[in-house]
Amino acid sequence: MARVRIHGGNPLHGDVTVSGSKNASLPLLAAALLIEGQSIIENVPRIDDIDAMIHMLRSLGAKCEFIDSSALSIDAADIKSLSAPYDLVRKMRGSFYVAGALLGRFGEAEVPLPGGCVIGSRPVDFHLNGFKALGAVVQERHGVMRAQAEKLTGAHIYMDSRYRSVGATVNVMLAATLADGVTVIENASREPEVLCCQQFLEDAGADIRGIGTDILVIRGVEKLDGQRFRSIPDRMEAGTFLMATGAARGDVTVHSVEPRHMTTVLEVLRAAGLQVDVDTDSVRVRSEGRPRAFEVTTAPYPGFPTDLQPNASVLGAVAVGTTVIEETIFDARFNYVDELNRMGSDIQLKDSVAIIRGVPKLYGAPVEATDIRAGSALVIAGLAADGYTEISGAEFLARGYENLEGKLQGLGAVIESARNAEDDKARNAWNR
Ligand code: EPU
């Protein structure tokens, strides 16, 4: 298990640049499968989830190659397999997007069901209902979904009213782009990552109305054309640096961000008493003392993102007063709380609400990350804490954050990877 070691207590100072968005790039990679030719996607983050998606595309026959540090060329002219390997879907739910793209282009897809994961049950029933509405015959056997249609036909689809689903919106949209006739998707997600995919498809020749709204009208087209397209910045990575500066204190400017994607997050930082200055594509945050307590409820965009909820908890953990955070998207997204409490925070859970009584100090401890965002929350806690923190399960960080350690080191943090048995020796030396 990969580990990260942090010696906390140093304020963060300086400038940091965010990478392209993981959750926007994953749909773009799948969308490239709809195109019989080459797509070039710029600003793709170099992270393990993208590597897994590239493996997935290659296993289907697409040619994928980075042509510079973040521009990925995908040539899907010659797709040989319509069956996605189990181990890749199991590793990373985002790879389920290939279902909509394969079904949309070839009328057939065989993709293992991704199953639950540590942040909650995460079913794919909305995706499958959408495929069925478009006329596909969908079967689930032995954990594998098989979808088939002579030709998909446009339909009126009302996405489930309990949740707006990012994944189902993308998957059904991918399937509908080349379908016969008009598809209307109501209660669609409006996340910037979804909008990014809509723009990619539109630039490639898709006919999509209502881009960025919750009602999409997709008129199927014959084919899409290859193009060069730039993915959006990662608003979750940006949020992590901003929250880290709030919790560990300091003065940091985060560059290459899209501030209008972050309105609610910036509101929360200001409510926590941080000084936030916004420029065209950067955000500067300053924090000298302890933050103030605040209240947050996660919600679909433009609400506060569930992916930054664990980071916000750490800010609340060191704030003056009692912070209240309600999680409304995933039923098990507080799984990091016990670990944080081992570092001295005072967080009590009541169903989907965390009551966080701020403490003056966190203390370093050995802790374990169980998902990507729990991992970054523990990193922030380690940066804010007195002493030494060792985070196991750090492979989750590599799944979602490009060079997180290097970027934090650039801000003055004392953080490094610890991947082998020599670590204990080094750790003891460090503690002396
Ligand atoms: N849901 C269903 N049935 C479905 C689909 C979703 O009940 O068929 C429920 C989910 O269980 C959840 C809610 O709907 O309670 C919303 O889930 P959504 O489908 O929007 O999530 P997702 O598409 O599986 C993406 C991101 C997540 C992010 C969520 C919410 C990717 C690859 N993943 O997941 O990101 O938390 O949207 O914004 O885009 C992460 O990056 O760490 C991460 C988990």
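This is a predicted model: local features need pLDDT of at least 70, side-chain atom pairs count only at pLDDT 80 or more; totals for chains, interfaces and linings use all residues.

Me: What radius of gyration does the protein chain have, and what would a compact globule have?
Reply: The radius is taken over C-alpha atoms, and the globule rule is 2.2 Å times the number of residues to the power 0.38. The C-alpha atoms fill a box of roughly 65 × 45 × 45 Å along the principal axes. For 432 residues the rule gives a value near 22 Å, and the protein chain agrees with it at 22 Å.

Me: Which residues have the most contacts inside the largest nonpolar core?
Reply: A nonpolar core is a set of buried Ala, Val, Leu, Ile, Met, Phe, Trp, Tyr and Cys residues joined through side-chain atoms within 4.5 Å. Buried means under 20% relative accessible area, exposed over 50%, and partly exposed in between (1.4 Å probe, protein chains only); 56% of the 432 residues count as buried. The largest core has 78 residues, and those with the most contacts inside it are Leu33, Met145, Leu174 and Leu201.

Me: How many residues are in the second, separate core?
Reply: Its members include Ala377, Leu397, Tyr401 and Leu404. The count for this core is 69 residues.

Me: How are H1 and H2 oriented to each other?
Reply: Helices (H or I, at least four residues) and strands (E, at least two) are DSSP runs, numbered from the N terminus. Axes are lines fitted to C-alpha atoms, for helices over the stretch in contact, and angles run from 0 to 180 degrees between N-to-C directions. H1 (residues 22-31) and H2 (residues 48-60) pack at about 5°, with axes 10 Å apart. Angles under 35 degrees count as roughly parallel, over 145 as roughly antiparallel, 65 to 115 as roughly perpendicular and the rest as oblique, so H1 and H2 are roughly parallel.

Me: Which residues of H2 does H1 meet?
Reply: From H1, the partners are Lys22, Ser25, Leu26, Leu29 and Ala30. In H2 they meet Asp49, Ile50, Met53, Ile54 and Leu57.

Terms used: Residues are numbered from 1 along each chain as its sequence is written. Side-chain values use heavy atoms; hydrogens and water are left out. Contact means heavy atoms within 4.5 Å.
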